[in-house]
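Morning, everyone. Please have a look at the model on the screen, and then I'll talk you through it.

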Amino acid sequence: LALASGLPLSSFAQKKIVLGFSQIGAESEWRTANTESIKQAAKDAGIDLKFSDAQQKQENQIKAIRSFIAQKVDVIGFSPVVESGWETVLREAKAAKIPVILTDRTVDVKDDTLWVTFMGSDFLEEGRKAGRWLTENVKGSDVKIVELQGTVGSGPAIDRKKGFEEIIKGKPQYKIVRSQTGDFTRAKGKEVMQAFLKADPKVNVLYAHNDDMAIGAIQAIEEAGLKPGKDITIISVDGVKGAFEAMMAGKLNVTVECSPLLGPQLMATVKDVVAGKPVPKRIVTQEGIFPMDTAAKEFPNRKY
Ligand code: GYE
């Protein structure tokens, strides 16, 4: 087909929006579901997605963002592995007039004009939900808690710890006796739990900042001859399928939901930003909490 001008019709068709997205890595079931959601939603929305995996390293994310700037993408999306250290590269994106959308995790920068919007969960509230479940369901005069923290310096690790501590504060029967990072992975979760149990096997509760670390820790607990979910009450965050399976097996007591399905919302926002429409500065994901006794009923409805 050609028009009177002689140009092919296709050159008049709207140019595809190009989105450069820097993902943290593939550290957890949550993350792989998040990547899947973003890729599928880009396809569905007809957006040209340039996807880059940083293998959990900030320097790789900075490189990816610089390469998106050099390629002159329309929008940059990213999920910052840690909160600090983004000023310089975000200023470069701003100077190049490329809008930046934060998904899942946020950045700690003074100038909030360096990013357009932040969509994702309220990690502080997730920590509080974990803490409230604990204080309502685990009673005793001396409750010894071990904590597996997420990636050091990441938004979810900082806030899930803070929210949880806020709830147990002033309740001296709840004591965090050991707390260390497991970097949001199964392997590290298992390794650190082994070390915790070796130092002192008298643990009542494990609070893990994500399901993957809890699942790794469950293996360590079983190998130590203890019963996860019974001898040690386990609380974690995300609500991935693996957690529901562990709950149905009686090995995990509760998971606080954190949805990774941010793709469709991201693509809709990318389109709005390109069209010059105003977008809210903060878009919060709505989430619940799933104790063990709801797992079998909820499992068929789980999408990640
Ligand atoms: O909880 C964890 C993942 O940033 C909310 O990152 C996300 C966290 C999620 O690796 O499993």
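Two housekeeping points. This is a predicted model: local features need pLDDT of at least 70, side-chain atom pairs count only at pLDDT 80 or more, and totals for chains, interfaces and linings use all residues. Residues are numbered from 1 along each chain as its sequence is written.

The whole chain, then. Its secondary structure comes to 10 helices and 12 strands. Helices (H or I, at least four residues) and strands (E, at least two) are DSSP runs, numbered from the N terminus. The radius of gyration is 22 Å, close to the 19 Å that the globule rule gives for 304 residues, so the chain is as compact as a globular protein of that length. That radius is taken over C-alpha atoms, and the rule is 2.2 Å times the number of residues to the power 0.38. The C-alpha atoms fill a box of roughly 85 × 40 × 30 Å along the principal axes. Of the 304 residues, 48% count as buried. Buried means 20 or more other C-beta atoms within 10 Å of the residue's own, with C-beta atoms placed from the backbone.

Now the sheet. What is the strand order in the open sheet of 6 strands? The order is 2-1-3-4-5-11, with parallel pairing. Two strands pair if DSSP finds at least two bridges between them. Strand 2 (48-53) and strand 11 (282-284) stand at the edges, each with a single partner strand, so one side of each has no neighbour in the sheet. Direction ignored, neighbouring strands here are turned by 15° against each other on average. Those angles are between axes, lines fitted to C-alpha atoms.

Zoom in on strand 4, residues 100-103. Strand 3 (residues 75-78) pairs with strand 4 in the parallel sense over 3 bridges. G77 stands opposite I101, and F78 has L102 as its bridge partner. Strand 5 (residues 117-120) also pairs with strand 4 in the parallel sense, over 3 bridges. There, I101 stands opposite T117.

Are the two faces of strand 4 covered or uncovered? Both are covered: V100 and L102 on one side, I101 and T103 on the other, are all buried. In a regular strand, side chains alternate between the two faces of the sheet.

That's the tour. Over to you.

Note on methods: Buried ≥ 20, exposed ≤ 12 C-beta atoms within 10 Å, placed from the backbone. Axes fitted to C-alpha atoms, helices over the stretch in contact; angles between N-to-C directions.
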